[in-house]
Amino acid sequence: MANKIDRRQMLLGTAALGTTPLWMSNLAFAQSGDTLYMRMLEEMKAFDPPFSVGESDTWVIKTVHSGLIDNKTGNEWDWELLLAESIEQTDETTVTFKLREGLQWSNGYGEVTAEDVKYSYERYRDEDLAAPNAVSWAPLDHVEVTGTYTGIIHLKESFSGLFSYLLPRDPGSIICKKAWEEAGGAPGLEVPAGHGPYQIVEYRPGDRIIFEPSPVWSGEEPAFKRVEMLPITDTKAAENAVLSGDLDWAIVSISAVPSMQESLPDNLALDIRSTPNFIWIGSNMNNPDLADERVRKAIHMAIDRETVLEGAYFGVMEPSYGVAAKGAPGYMDSPPVERDVEGAKALLEEAGATGLSLRLDVPAEPDKVTAAQIVQANLAEVGINVSINQHEAGAFWGLPETLGQDLQLFFTEWTLVPPDMNWVTQWWLPEQAGVWNWQYLQDEEMERLHYASAAEIDPEKRGELLKQLQTVVDESYTCFMLGHLPRPVLYDKTKVVPAMLPNAEPRTEKFKKA
């Protein structure tokens, strides 16, 4: 019966992409009140923190692992103690911590100790590991173990993001030294031991990940005895799955908001969250067709930001002109260049790039595809022919590997958690070229300003440094910022009371039954 597809599921499949996604083929007829069904935004890539790729990786990692601290749920960015009994920054480069005593690893690996903390953080710097997220712990000098449960984090210099986006996020997750070493240092898509609220009991690639409460979890007992996270890349399919009762909670598309606000079913709630997540268009300056700065500037001058936001995002999203959201350090209140069709044509002629043809790669999501089509029309006005290539989420995030220097223009959304500009610019450093720096932006002044702003703890001085940093990025004409994206969350209020961070990221163990 678990493999049977009923009429409702078939309708959902045809409403999505004309095919039946794998996850739909196994939906149970009767939803248990003890089971929480949630949408993941994409397929899992890694359960191991230094190899985390997408946002869904973060959700799963933080479900099965824990850190010294974690982000609080609610509408304000803040943190709270988790595995740490206490943590204190004693000076600009020194943080002392004490673990809660008696914490246990799953699978019989014994007690969680300060040695595990040391191993977890210093592992990022292991050159043999070659972790794509090694830059996360670049500020770390070393972790000093001072007792079974106590230690000192020594930084190379002051670091403003330690308590905002390092310790509470993936890089702050503590893993079991003994278990990882037995697994050869990198267990891949396995979790040999954990101390999170849930443990993975089944992973069906392309279908779902099934969790049950961990027997070693030391926090409040989760309300749901089973959680199933389903990777659903198509936002319309996710919306339909909540409407039909096959999902309890899902992030849906902006395009769903107007109709939902007019006729929301009585059992559902729509929570629209303002987030620092940003939508942008990147240009690979290493590609021969985009190597000339005048060509990249002409592209920026041709795009009609307001029309894109109105046509693809229904005016729900305000325009933004940089990485930092309104109110955050580094916020820019005006565009680096105004739209100027004739000026763009002149630049292209000057660069000898008239009649240029480019490819724009985009995730196959309705909002982004619509936005890409508007950009395509904008660029046609200045004589640039653009072909749009749509990709499912997994293929899109693998573009640097599959296309290499053939990557030209790309349209994407980045999650900014929490709203700290340096979290983004660390991925645009020269060492990240071809990894996360798809633009191949390699600028010494940008690198200097990134590290200077990350080390500055005076808010006013830091804000000025971040504005200078944004200006360097702007003048490369590799990143066209559109706006910071609100997130609509659709959920069944008769079944669940969600617990989310300000950007709608779930803390699954804090979800309650309605």
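In which sense, left-handed or right-handed, does H9 cross H11? In this predicted model, the crossing of H9 past H11 is right-handed.

Two packed helices are described by the angle between their axes and the distance between the axes. Here the helices are H9, residues 305-313, and H11, residues 366-381, and their axes cross at roughly 145° and come within 8 Å. On the H9 side, the contact is made by Thr 307, Val 308, Gly 311, Ala 312 and Tyr 313. Facing them in H11 are Asp 367, Lys 368, Thr 370, Ala 371, Ile 374, Val 375 and Asn 378. Sorted by class, the residues of this contact are six nonpolar, four polar and two charged.

Strands of a sheet pair through backbone hydrogen bonds, either parallel or antiparallel. Both kinds can be seen here. Strand E15 (residues 278-283) runs antiparallel to E19, and the two are joined over five bridges; Ile 281 stands opposite Phe 480 of E19. Strand E16 (residues 357-363) and strand E18 (residues 409-414) pair in the parallel sense over two bridges, and Asp 361 has Phe 410 of E18 opposite.

Now look at Ser 283, which belongs to strand E15. With a relative accessible area of 2%, Ser 283 is buried, because the cut-off for that class is under 20%. Beyond residues up to four places away in sequence, Ser 283 touches Leu 290, Arg 296, Gln 408, Leu 409, Phe 410, Gln 439, Tyr 477 and Thr 478.

What about the nonpolar interior? In soluble globular proteins, nonpolar side chains tend to be buried together. The largest nonpolar core of this model has 65 residues, and Leu 68, Tyr 121, Ile 153 and Trp 428 have the most contacts inside it. Helix H16 (residues 459-476) gives the largest share of this core, five residues. Leu 68 is in contact with residues including Leu 81, Phe 97, Val 117, Tyr 121, Ile 153 and Ile 174, leaving aside neighbours within four places in sequence. Apart from this core lies another, of 39 residues, among them Val 295, Val 362, Ile 374 and Leu 379.

Most residues other than glycine have a negative phi, and most peptide bonds are trans. Tyr 440, in the loop between helix H14 (421-425) and helix H15 (444-455), has a positive phi, near 55°. Tyr 440 is also buried, at 14% relative accessible area. Ala 504, in the loop between strand E21 (496-497) and strand E22 (512-513), has a positive phi as well, near 85°. Its relative accessibility is 0%, so Ala 504 counts as buried.

Note on methods: Residues numbered from 1 in each chain as written. Predicted model: local features only at pLDDT ≥ 70, side-chain atom pairs only at ≥ 80, totals over all residues. Heavy atoms only, no water. Axes fitted to C-alpha atoms, helices over the stretch in contact; angles between N-to-C directions. Helix = DSSP H or I, 4+ residues; strand = E, 2+ residues; numbered from the N terminus. Left-handed = near helix turned anticlockwise from the far one by under 90°. Contact = heavy atoms within 4.5 Å. Nonpolar A, V, L, I, M, F, W, Y, C, P; charged D, E, K, R; others polar. Core = buried A, V, L, I, M, F, W, Y, C linked by side-chain atoms within 4.5 Å. Buried < 20%, exposed > 50% of the residue type's maximum accessible area, 1.4 Å probe, protein only. Pairing = 2+ DSSP bridges.
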